[in-house]
Amino acid sequence: WVKLPEGCMDTTEILEHTAEHKVNFVAGAGFFVDGQGHDCMRLSFGNFNDEQIDDGMHRRGNFIKSTRK
């Protein structure tokens, strides 16, 4: 579970752009009932080794930096 800095981005809005960067996740808003969680994402690493996880986290970080509001 990742909570991004306040105002960084709405994870629900960027989902359509993540596939091309191979940084998929589940938007956090779906896990809340009170309209919160738009700055959160759920990550899953179940089928990856440490090197793949590191690579994915670097790509995800670069994607977030390049799309920050």
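Trainee: How far apart do the centres of the positive and negative side chains lie in the protein chain?

Mentor: This is a predicted model, where local features need pLDDT of at least 70, side-chain atom pairs count only at pLDDT 80 or more, and totals for chains, interfaces and linings use all residues. Residues are numbered from 1 along each chain as its sequence is written, and side-chain values use heavy atoms, with hydrogens and water left out. Lys and Arg count as positive and Asp and Glu as negative, while His and the chain ends are not counted; each charge is placed at NZ of Lys, CZ of Arg, CG of Asp or CD of Glu. The protein chain has 8 positive and 11 negative side chains, and the centres of the two sets lie apart by 2 Å.

Trainee: In what order do the elements of the protein chain run from the N terminus?

Mentor: Helices (H or I, at least four residues) and strands (E, at least two) are DSSP runs, numbered from the N terminus. The protein chain has two helices and three strands. From the N terminus on, their order is β-α-β-β-α.

Trainee: What radius of gyration does the protein chain have?

Mentor: The rule for a globule is 2.2 Å times the number of residues to the power 0.38, and the radius is taken over C-alpha atoms. For 69 residues, a compact globule would come out near 11 Å, and the protein chain agrees with that at 12 Å.

Trainee: Which cysteine has the sulfur closest to that of Cys 8?

Mentor: A disulfide is a covalent bond between the sulfur atoms of two cysteines. Here the cut-off is a pair of cysteine sulfur atoms within 2.5 Å, and a search of the whole structure finds zero disulfides. The sulfur of Cys 8 is too far for a bond, because 11 Å separates it from the closest cysteine sulfur, in Cys 40.

Trainee: Is Cys 40 buried or exposed?

Mentor: Buried means under 20% relative accessible area, exposed over 50%, and partly exposed in between (1.4 Å probe, protein chains only). Cys 8 has 3% relative accessibility, so Cys 8 counts as buried. With a relative accessible area of 4%, Cys 40 is also buried.

Trainee: And where is the place of Asp 10?

Mentor: Asp 10 has a relative accessible area of 16%, so Asp 10 is buried. From C-alpha to C-alpha, Asp 10 is 19 Å from Ser 44, and 34 residues separate them in sequence. The place of Asp 10 is in the loop between strand E1 (2-3) and helix H1 (11-18).
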